[in-house]
Each structure stands twice: as structure tokens, then as C-alpha cells.
Amino acid sequence: MREFAYARAGDAAEAAALMAERPDATYLGGGTNLVDLMKLGVAGPGLLVDVSRLPYDRIEHRDDGSVLIGATVRNGDLAGDPGVRERFPLLAQALLAGASGQLRTVATVGGNLLQRTRCVYFQDVSKPCNKREPGSGCPAIGGAHRDLAVLGTSDHCVASHPSDMAVALVALDAVAHLRSVDGAMRTVPVAELYRLPGDTPHRETVLGHGDLVTAVELPPPPGGAAMRYRKVRDRWSYAFALVSVAASVSVADDGTLADVRIALGGVAPLPWRARIAEERLRGGMPDEKTLREAARAELAQARPLPDNAFKVDLATDLIVAVIRDLVARKDRA
């Protein structure tokens, strides 16, 4: 591990000033991903700016049904929050599926959003990786790619995004609140926070140096929505998703889908919003044929490799199963 300096920021302005002084500085929240990457030699910041004590550790439920979640809220606290469990259950389900209880007590909301891929070539500094060293190549394309992406990939990178929480937030139309080093505030939809790899896979988000995630905001949930997060993985104990689906469904009085929101995990370099499937389903009857055709239309964009082609059918089946189950739950209500 490279030697590094450490500073605990007393407020956001001090954190920004420390970052502005050092191009090799990075923020430290819970450290559950960053410290691992530092041990592997993948990350080598010269300065860690600890922002875990900044006053972004509150969950604010508003009268209109929206909620503001501070970036330093611990994943365990968010998963256990009664308001989140009642009105945004798929978010709580995603957090519980994403890590052990020990990790959830340490990991933060902001850090979870920005965790890096678990591609074995990215994590092994003895191997080339365009995400780690631009222009060095992507050995995953011809190598170990079973767990990697089938949607949104490029000839330069096929890595998949590991966060469960981010998939749920994308399905819920969440918005990230950001503070730049000059103190300017802005918001970015979580779905637009990430970049597809293209020919610059090392540029994973739209964040600039020193941009700090201060909060995530959830709009009020759709009226009468049923929600679920479902994750398929190789073992029941904690593992990263082969495919996951976060979905929210509202059924009209005539049985049609008044509102449907779907996001996929484990299949893309970012949390994948299934807008093609949503458009095909919205306003229609959720019969088996319609559900399957919509899911297949979404996955028609896939560029699978030999060892992960199974994800196309798996994702199709999972979308169908989750939406079908949510509709059935509404019918029983």
C-alpha cells in the first residue's frame, strides 16, 4: 500500500479546500471499498480526506412523501428506517441483499453509490485494464467475464457495476445532491451520475475532482405502488448480483399498468434503467406475453460474451417474474 496522509474535515468547506490543494486526494467515508482497493494497489491516494463526521447523517422524511438521505448515513440505518421500509421497501431490500450486517454498519450512502467494479482484472494490478490504465487493454473480453456486463459495454470495457443500492435508487428516480470544491451546489439524477465506458472506461461518473455527494433525495413514491428488489446470485450468502431487478408497479382500476419503473443490476457498467421495457408496459395489460415481449425488447440491446450470454435469458425471466408477482400482489390487496 502506498503511503498516504490523512485529514479529518471539520466541515464541507474544509474538505473542499483540502481536495483543491491535492489532485491526488480522495474522500473517505466508510472505506469499505476504498480501503480494499488501496490494499490491492488499485487505488493510491496521497491524501485521504475523512468526511464521515460531516453533518450529512440524517434521514429527513417530508410532508409530501419525499425523503432526503444524507450521504454519511450508514447503510444499516437506512435499511432499518421505518419510513423507508414502509414507503420505499425495495430500497431497504436492496441494502439488506447487498452486504453483511457488519459492513452495513460502516458503509455510507455516498460511498455505496461510488463503489468500483469487482472485475478480477481491475482488481489485479499485474493484469492490464483500461479502467485502471487507459489504453492497456481489456483481457476480460477474452478471459474471465462470466460475472460481467452484457448491456452498455464497449470494446474497451465489459465491467459491471456492483452496487445494489444504486439500482434501487435509479428505479425510484432518486437525485444526488453534489457540492463542488468552490461551494456550488447542484443536483444530478442518480441515473445520470454514471457514464458508460465507451472509449474512456476510466471515467466512471460525471463527478469532477473534489465533488462531494452530500445527500440523495427520493421523490414521493407513486400512489398505490407495489415495489420489490430481487437479486439472483451464485450463493445465498452475500455475493454480487448475476442479475438483479428493482421494480415499482402501479395498477389502474381497469387492470392496466398505470406506472412501471424497472432498473437492472449485475448486467451493465452502471445501474441500468430499463426504459424500453417500461415504455412497452406502461398503459398495457400485464399478461405473460406482454411482459416477456417487453423484457426481450430491453435485452435486445445486449452484447453478451460466450460465458455470460446466460444473463440475457436470466434477466428476461427475472423482469417477468418480478412484475408478475407485483401485479398479483396488487390483485390480492
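Predicted model: local features only at pLDDT ≥ 70, side-chain atom pairs only at ≥ 80, totals over all residues.
A walk through the fold

Residues are numbered from 1 along each chain as its sequence is written, and side-chain values use heavy atoms, with hydrogens and water left out.

What makes Asp 173 worth a look? Its phi is positive, about 60°, although Asp 173 is not a glycine. Most residues other than glycine have a negative phi. Asp 173 is partly exposed, with a relative accessible area of 31%; buried means under 20%, exposed over 50%, and partly exposed in between (1.4 Å probe, protein chains only).

Now step back to the whole protein. You can find 12 helices and 12 strands in it. For 333 residues, a compact globule would have a radius of gyration near 20 Å, and the protein agrees, with 20 Å. That radius is taken over C-alpha atoms, and the globule rule is 2.2 Å times the number of residues to the power 0.38. Along the principal axes, the C-alpha atoms fill a box of roughly 60 × 50 × 35 Å. Of the 333 residues, 52% are buried.

Next, look inside. In soluble globular proteins, nonpolar side chains tend to be buried together. Here the largest nonpolar core has 70 residues, and Leu 91, Leu 113 and Ile 262 touch the most other members. Helix α12 (residues 310–332) gives the most to this core, with 9 residues. A second, separate core of 17 residues includes Leu 34, Phe 122, Val 158 and Ala 159. Such a core is a set of buried Ala, Val, Leu, Ile, Met, Phe, Trp, Tyr and Cys residues joined through side-chain atoms within 4.5 Å.

Finally, visit Ala 294 in helix α11 (residues 288–299). Is Ala 294 buried or exposed? Ala 294 counts as buried because its relative accessibility is 1%. Leaving out residues up to four places away in sequence, Ala 294 touches Ala 277, Arg 280 and Leu 281. The C-alpha atoms of Ala 294 and Val 320 are 8.8 Å apart, although 26 residues separate the two along the chain.

Conventions
Helix = DSSP H or I, 4+ residues; strand = E, 2+ residues; numbered from the N terminus. Contact = heavy atoms within 4.5 Å.
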